Amino acid sequence: MAELLRPLVQALRPWGRAVLDLLFPPRCQVCGQADAFPLCGTCWARFPRIARPVCEMCGRPLRGPPDLAFTCVPCRHRRDPLRVRAFGRYEGALREAVHALKYRGKLGLVEPLGRGRAEVVAQEPRLCGVDAVVPVPLHPRREAQRGFNQAEELARVVSADLGRPVRRLLVRVRDTPSQTELDEDQRRRNVREAFAVRGRVGGLRLLLVDDVVTTGSTLKECAAALRAAGAQEVCAVAVAMVVPDP
Ligand SMILES: [Zn+2]
Ligand SMILES: [Zn+2]
């Protein structure tokens, strides 16, 4: 019986979708405003963007004229500096958008969020020339639970904009506990040796992609693994960054 009904169900499916759109119009995936899928103009305008000047390395905002070239004091003392840029602060509407994507599977947001970040890369010619875009991996178990890796979905948009391929060069070999409750030192220990390189990276310039940068320890661990495997240059870009109050 099910076999017989299949062509009928398939024929009706576009109608079903039209009826659903009528009953539940495609809405902004952040605030729910009707007819604004995936993101309304108000939410896009409310995203707390990070504007120049920023620290040359960690990308955190600085005070001063927009063309200021400056490396913040903590970055000057770090042994493992990594150039990172983010589209906006992990606050307000941007934080809501990242949560909707990550925890509620609102994959329609990948396009506008990835586009925002591609803008940042385009404005930062010194970020690094790249041969490939590398998503920060989830542990396979967590990716299976969620059904997708948000960093990889975002990496695809950045890749399309830059005309460079996405390469899954990293694997998460340890399922690290959630980092939300940890301080910077604990985070660093938590992700130590959590990543392994898969494939040849010798001489490559790589752009790491993640959704949120908190202390940067995950990105640094990824960069360290890629550099140890011979990558020539590694830098990183994220949708949002936690910016501590001054
Ligand atoms: Zn909205
Ligand atoms: Zn810095």
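This is a short tour of a predicted model, stop by stop.

**Whole chain**

Start with the protein chain in cartoon view. Its secondary structure comes to nine helices and six strands. The chain has 246 residues, and 44% of them count as buried. Now consider contacts between residues at least 6 apart in sequence: 71% of these join residues at least 24 apart.

**First zinc site**

Select the zinc ion (ligand 1) and show the side chains around it. Which residues coordinate this zinc ion (ligand 1)? They are C28, C31, C40 and C43, each through its SG atom, at 2.3 Å. Along the chain, these donors follow the spacing C-x2-C-x8-C-x2-C. The angles subtended by the four donor atoms run from 105 to 114°, so the arrangement is tetrahedral.

C28 counts as buried because its relative accessibility is 3%. C31 has 44% relative accessibility, so this cysteine counts as partly exposed.

Move to the zinc ion (ligand 2). Its protein donors are the SG atoms of C55, C58, C72 and C75, lying 2.3 Å from the metal. The spacing here is C-x2-C-x13-C-x2-C. This site is also tetrahedral, with angles of 102 to 118° among the four donor atoms.

Pick out C58 and C75. This pair links distant parts of the chain, 17 residues apart. C58 sits in the loop between α2 (41–46) and α3 (73–76), while C75 belongs to helix α3. Buried or exposed: which describes C58? C58 counts as buried, because its relative accessibility is 8%. C75 is buried as well, with a relative accessible area of 7%.

**Helix α4**

Select residues 92–104. This is helix α4, with 13 residues. From first C-alpha to last, α4 reaches 17 Å, close to the 18 Å expected at 1.5 Å a residue. Colour its buried residues: A93, L94, A97, V98, A100, L101 and K102. Just after the helix comes G105, with a positive phi of about 60°.

Zoom in on F47. Which residues is F47 in contact with, leaving aside its neighbours within four places in sequence? The partners are L39, F87, A93, L94, A97 and L113.

**Helix α8**

Finish at residues 184–191, helix α8. Show R187, N190 and V191, the buried residues of this helix. They cover an arc of only 80° around the axis, so they lie on the same side of α8. In general, an α-helix has 3.6 residues a turn, so residues three or four places apart point the same way.

What covers the buried residues of α8? The cover includes β4 (195–197) and α9 (217–228). Last, select E193, which follows α8 and has a positive phi, near 55°.

Technical notes. Residues are numbered from 1 along each chain as its sequence is written. Chains are lettered from A and ligands numbered from 1 in the order in which they are written. This is a predicted model: local features need pLDDT of at least 70, side-chain atom pairs count only at pLDDT 80 or more; totals for chains, interfaces and linings use all residues. Side-chain values use heavy atoms; hydrogens and water are left out. Donors are N, O and S atoms within 2.8 Å of the metal (3.2 Å for Na, K and Ca); water is not among the atoms, so sites may look incomplete. Four donors count as tetrahedral if all angles lie between 85 and 135 degrees; four count as square planar and six as octahedral if opposite donors are over 155 degrees apart and all others between 65 and 115; anything else is irregular. Buried means under 20% relative accessible area, exposed over 50%, partly exposed in between (1.4 Å probe, protein chains only). Helices (H or I, at least four residues) and strands (E, at least two) are DSSP runs, numbered from the N terminus. The arc is that of the directions from the helix axis to the C-beta atoms. Contact means heavy atoms within 4.5 Å. The expected span of a helix is 1.5 Å times one less than its number of residues.
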